[in-house]
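User: I would like to learn how to read the features of a model such as this one. Please take them one at a time, with the general idea before the case.

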Amino acid sequence: MPRRRQKGVRCRGCEFLRSSGACHETYKGQQAEAEYGVLALLEVVQADFANLEADTKASEASSQKEYDQFMIQSKKSQAKKERKIEMNDSDKASAESQLQQDIADLKATQDPLIAAEAYHERLVPQCFDKGMTFDERTKARESEVASLKEALAILNSGDPDITTSV
């Protein structure tokens, strides 16, 4: 609003202000200067917003691309792990089946093995030398042969046709 001057009253500093041409003029702001005006400020805000929007869109696009790649890798990894679990479960079932078969085979062969081991235990003492030396065995054989000859002679004594040429 322009300042009104009362009649007869002198404005302080009017002489100074008149010399600069600013006395009693309406304040119009800095509209004439484009770099300081409201429009210039709005243009700066608009440019800043456009830059921020572009940066945000680029960041979002980059983040979306990274997310998509991560999801693809995650799905591949998950599929591999699920396949590995399936294969491990299959291997486990096969191994358990084989174990059951082996246990059945073991039980089927265990009884004949026990019988064979018992028979072996009975035969082992018969096969080992019972402490007789060679001379003792020779004497025992000679005595057996002599007793056999004696038995033969007794048998032959009753029958004259059998000769004792042993």
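User: How should I read a salt bridge, and which side chains meet in one with an N to O distance of 3.6 Å?

Analyst: The general idea is a distance test: a side-chain nitrogen of Lys or Arg within 4 Å of a carboxyl oxygen of Asp or Glu. In this predicted model, the side chains of Arg83 and Glu86 pass that test, at 3.6 Å from N to O.

User: How many salt bridges does the structure hold?

Analyst: There are two. One of them joins Lys57 to Glu53, with 3.4 Å between the closest N and O atoms. Lys57 and Glu53 are about one helical turn apart, because four residues separate them in helix α2. Lys57 counts as exposed because its relative accessibility is 53%, while Glu53, at 35%, is partly exposed.

User: How do I judge the course of a helix, and what does α2 reach from its first C-alpha to its last?

Analyst: The general idea is to set the end-to-end span against the one expected at 1.5 Å a residue. Helix α2 covers residues 38–127, which is 90 residues, and reaches 123 Å, close to the expected 134 Å.

User: Where in α2 does a kink lie?

Analyst: A kink is read as an angle between axes fitted on either side of a residue. In α2 the angle is about 30° and lies at Gln110, shortly before the proline Pro112.

User: Which residues form a nonpolar patch on the surface?

Analyst: A patch of this kind joins nonpolar side chains within 5 Å that have over 30% relative accessible area. Here the patch consists of Val38, Leu39 and Leu42, which together have about 340 Å² of accessible area. Val38 is part of helix α2, and its relative accessibility of 61% is why Val38 counts as exposed.

User: How do I read the protein chain as a whole, and what share of its residues count as buried?

Analyst: The protein chain has three helices and zero strands, in the order α-α-α from the N terminus on. Of its 166 residues, 4% count as buried. The accessible surface of the protein chain is about 15,700 Å², and carbon and sulfur atoms account for 57% of that area.

Note on methods: Residues numbered from 1 in each chain as written. Predicted model: local features only at pLDDT ≥ 70, side-chain atom pairs only at ≥ 80, totals over all residues. Heavy atoms only, no water. Helix = DSSP H or I, 4+ residues; strand = E, 2+ residues; numbered from the N terminus. Expected span 1.5 Å × (residues − 1). Bend = angle between axes of the 7 residues up to and from the residue. Patch = residues over 30% accessible without salt bridge, like charges linked within 9 Å, V, L, I, M, F, W, Y side chains within 5 Å. Areas by Shrake-Rupley, 256 points an atom, 1.4 Å probe, with all protein chains shown as cover. Buried < 20%, exposed > 50% of the residue type's maximum accessible area, 1.4 Å probe, protein only.
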